[in-house]
Amino acid sequence: MAKLVQHPVFEPVYRPGNDGVPEFRAFVAGKWVFGERFAEVQSPIDGRVIARVSVLSRDQVEEAISAAHSSGRKAIRNYPGEKRIESFLRAAELMKETFEDFVRVLVLDAGKPKSNAAGEVKATIERLEKTTFESRAILGDYIPGDWSEETLESEGIVKREPYGLVLAIGPFNYPLFIPAAKVIPALLGGNAVLLKPASADPLGAILFIRILEVSGFPPESLGLLTIPGGLMDSVVADRRIRAITFTGSTEVGEHIVKTGGIKAYHLELGGKDPAIVLDDADLELAAEKIVKGMVSFSGQRCDAIRLILAQEGIYGELKARILERLRGIEPKNPLEDENAVMGPLIDMKSADYIEEVWKDAVEKGAKPLTEFRRKGNYVWPLLLEVGKDVLPELRAFQEDVFGPLTLMVEVKDEDEAIEIANSSRFGLDAAIFSSCERRARRVARRLEAGSVFINEYPRHGIGYYPFGGVKDSGVGREGIGYSVIQLTTTKSIVHNFRGTGVWEYM
């Protein structure tokens, strides 16, 4: 096999192990260091160990937090905004130079089909470049005091300021882009950042921190916490960390809030994204988009379509069109088929969970429309037909199912579709398929979701449009110009000019 990482810019980040497997350092207090031990990183493609990553000791974690809080937050705040933009653009160019390394790592580390991996790297590059757009979100306000008797002869400015130290926690499904989309606005806002990458596939995040270091950011303002999630409680609770941005499950998000105490939270959590298909929809378009929303990256996306609500009259035809498309889709080894649409699930535990949820649904009355097929952690697309009376009882409806399993329900009209969609405890994304703009807008207005896509499947992309959830799907919004608002706070500065003659009254 070719070297996992080939570009010389990454040489300080790892060393070859005795068996040739690369051993990766962590980034602590501005230095690349080895931890007290290594954790093996296995490729979900075939279970092979592709790397070993340093696991930091408690002392090293404390050193990382202490350095970022003391010198790091001062260094980044004193690094002018213009310089930050220059560094982001330099980082984008470096990622273009190292593009193939990042793609190779994402394929092997996360089991992504090559097209998905390349798309994630491109999105990260574009996110770096688009910081030129979102810098305007840091602009503040001027408030004249002469609109209230209490504040006559004064004026105020409201400025956005960094929290100081931000903890960013990334998920396994977009192990490069989502950490980048958290670190970028945090740094842009003048915060020091500690990044905790997903333990299952941390390599993309490690390489990204190296890119930022080389691009000129103050090294003490960056930190990489390569420790198991189970050891994060003391970090989350640390009072020196003033804001936490996390993407992952609702259950873990709730635990973070309970553990962290009073600080700022930016949470993108689970979803149960419905696709509502009305009886005037273009069914070929709807089937095409729905299937893409079901199977892209094997359904391991918070914005994947988990529930299809199709109106009477078109239900049967839509079902037939979806099944016809699904027959030609199967999970494949991304190393053997560069055109694979689906790859493996991240690990065996995830595949076991999908099988459990599928069995629960069938036992409770759901009708399988596709055969259950599984080979290790490779799971074929699953579509289950469910009655409205049975739906609330299913784990597949109550839980955030992270895999290629979707429920299909026939509904009487748009009112019933909305009622079912809104009965979920989640509210991340939704899709509507209709040829009538008025109907689509009416349904969109009533849906309890952070984002609604009309004649398109939910997809967050680079965050050009903001995204985030309501209810159990999270707090705050991601996106260009929106994330930086979440990761900065406001300070009001009031000038008193009473008696100085600045104001002359008629």
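**Exercise 1.** Find the strand that holds Glu23, then decide whether Glu23 is buried or exposed.

*Solution.* Step one: Glu23 sits in strand E2, residues 22-24. Strands (E, at least two residues) and helices (H or I, at least four) are DSSP runs, numbered from the N terminus. Step two: the relative accessible area of Glu23 is 11%. Buried means under 20%, exposed over 50% and partly exposed in between, using a 1.4 Å probe and protein chains only, so Glu23 counts as buried. Step three: skipping neighbours within four places in sequence, Glu23 is in contact (heavy atoms within 4.5 Å) with residues including Tyr14, Phe34 and Arg52.

A quick note: this is a predicted model, where local features need pLDDT of at least 70, side-chain atom pairs count only at pLDDT 80 or more, and totals for chains, interfaces and linings use all residues. Residues are numbered from 1 along each chain as its sequence is written, and side-chain values use heavy atoms, leaving out hydrogens and water.

**Exercise 2.** Work out which way the residues of E13 point.

*Solution.* Start with the general rule: side chains in a regular strand alternate between the two faces of the sheet. Now look at E13, residues 264-268: Ala264, His266 and Glu268 point one way, Tyr265 and Leu267 the other. Five of its five residues are buried.

**Exercise 3.** Which strands pair with E13?

*Solution.* Strands pair if DSSP finds at least two bridges between them. E12 (residues 243-247) runs parallel to E13, over five bridges, with Thr247 opposite Glu268. E25 (residues 474-475) is antiparallel to E13, with two bridges; there, Val475 partners Leu267.
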